[in-house]
Amino acid sequence: MSTQDILGLSGQDPGRVISFPASQYLHASTASPVRGVISTGLPRLDQAISPASSDETSQSSSDATLGGIPCGHVTEVFGPPGVGKTALAMSITANALCDGSKVVWIDTTSPLPKLRLKSMLMQNLDTAKLSDTPEQLMDNLIYFRAQSLPHLLALLLHPPQGFPPKNTKLLVVDSVSGPFPSYFLSPSELKSRLAQAKITDKSQIHWLMNRRWNVTSELANQLMKLAASGRMAVLLINQTHTKIKGLPRATLSPLLAGGAWENSVYTRIVLYRDLPAVDDEELETASRSLRYAEVLKMDGKALTVRSDENIVPFTIDSDSLRGTDTTQPSRTVPQQPVEETFPAGGRKRKVDEIADSQDEGDSDEDFGWVDGDDAGLVEGPADDS
């Protein structure tokens, strides 16, 4: 039975995204006996995301890919600036294009480096000994430039005829969180403007204070439906912000979060660096080029216990990502807020606890984190009204 028969879409316009109950989505996601995947270019990361079963390992590697990001679901990659999020997305894109599939790339922040993508395609073609050229494969790449949040929402929530195109296997949004900060005021600034405008209606204040979360929830649900209805992988690049309250030290967290967003993400990968405090200049230089990819969520479930198998060190070359045999980092990456009680007068933070990616002055409020939002990643935003 086809996916359209499962969802009851055979008689509908193929260019229109249809809403359907969660029970139908669950049935559709489990109906296909073979789950499609797209390789990340890092075999160890592929295995960490989707470990191969005994049946899959008995098959030839040329007949089926043994691991990678799953089709029909949403995969999120987040991390600080310059850690390699776009490079990982391009590596996944190159692997999807080499399979003869179409890829939709939506850009909201910086243009897609097409020359670098062609270099990755050339490397993949040489490895697989295929006769196609990078230019031929690039014809299957559909590129969109969403210059603002309204452009992005219009494209995804009200897609035009034929979007996404037929045979699309991968949809990339780089980055999905980029347009949000410029369109939503911080809670403190919003409260100040509401006071100046003398707005006292509680229902109106409640709507204004929560409209960001409403937009995020609607976008998350639509991305999940697009992935399920099209049986394609949706790859989201999420930026980070510094969260301080409720944690023992400043911690980088995904910029877009909340209950609905958390439920829509099937696989989550965090990218980061780990610079050891060593005096060896040569070792320090090598460490600066090393990145780590860690799987935080798999098969829709958060991994609460860290495992070496889920932490993959790698480097970025001009034409590929390369795994290394470096030992795992010693510092931990908190996956959930850690509650800690401090004296009433507070405490001074050490130098190594200060955020290195953003100014932390009022950073909680700048991105919507206020008192009571410590569990926002799991439970959703607090009611500030």
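1. **Ground rules.** The model is predicted, so local features need pLDDT of at least 70 and side-chain atom pairs count only at pLDDT 80 or more, while totals for chains, interfaces and linings use all residues. Residues are numbered from 1 along each chain as its sequence is written, and side-chain values use heavy atoms, with hydrogens and water left out.

2. **Overall make-up.** The protein chain has 14 helices and 14 strands. These are DSSP runs, numbered from the N terminus: helices are H or I with at least four residues, strands are E with at least two. Of the 385 residues, 45% are buried. Buried means under 20% relative accessible area, exposed means over 50%, and partly exposed is in between (1.4 Å probe, protein chains only). Take the contacts with a separation of 6 or more: 74% of them come from residues 24 or more positions apart. A contact means heavy atoms within 4.5 Å.

3. **Helix α5.** This helix covers residues 85-98, which is 14 residues. The expected span is 1.5 Å times one less than the number of residues. The helix is mostly covered, with 13 of 14 residues buried. Just after α5, Gly100 has a positive phi of about 85 degrees.

4. **Strand β4 and its partners.** Five of the six residues of β4 are buried, so the strand is largely enclosed by the rest of the structure. β4 and β6 run parallel, joined by six bridges. β4 also runs parallel to β5 (residues 141-145), through five bridges. Strands count as paired if DSSP finds at least two bridges between them. Asp107 stands opposite Asp174 in β6. In β5, the bridge partner of Asp107 is Arg145.

5. **The salt bridge at Arg268 and Glu76.** There are nine salt bridges in the structure. Each is a side-chain nitrogen of Lys or Arg within 4 Å of a carboxyl oxygen of Asp or Glu. Glu76 and Arg268 form one, with the closest N and O atoms 2.5 Å apart. This pair links distant parts of the chain: Glu76 is in β3 (residues 74-78), Arg268 is in β10 (residues 265-272), and 192 residues separate them. Both Glu76 and Arg268 are buried.

6. Through shared partners, salt bridges join Glu76, Glu262, Arg268 and Lys297 into one network.

7. **Lys169 and Asp99.** Their side chains meet in a salt bridge at 3.8 Å, N to O. Lys169 lies in β6 (residues 168-174) and Asp99 in the loop between α5 and β4 (102-107), so the pair ties together parts 70 residues apart in sequence. Asp99 is partly exposed, at 49% relative accessible area.

8. **Nonpolar cores.** The largest core has 43 residues; Ile38, Leu45, Leu117, Leu121, Leu170 and Leu271 have the most contacts inside it. Its largest share, nine residues, comes from α5. Apart from it lies another core of 27 residues, among them Leu156, Leu219, Val234 and Leu236. A nonpolar core is a set of buried Ala, Val, Leu, Ile, Met, Phe, Trp, Tyr and Cys residues joined through side-chain atoms within 4.5 Å.

9. Leaving aside neighbours within four places in sequence, Ile38 is in contact with residues including Cys71, Ile92, Ala96, Lys169 and Leu170. Val77 lies in β3 and is buried, at 1% relative accessibility. The C-alpha atoms of Val77 and Ile269 are separated by 4.8 Å, although the two are 192 residues apart along the chain.

10. **Cysteines.** The disulfide count is zero, where a disulfide is a pair of cysteine sulfur atoms within 2.5 Å. Cys71 is buried at 4% relative accessible area. Cys98 also counts as buried, at 17%.
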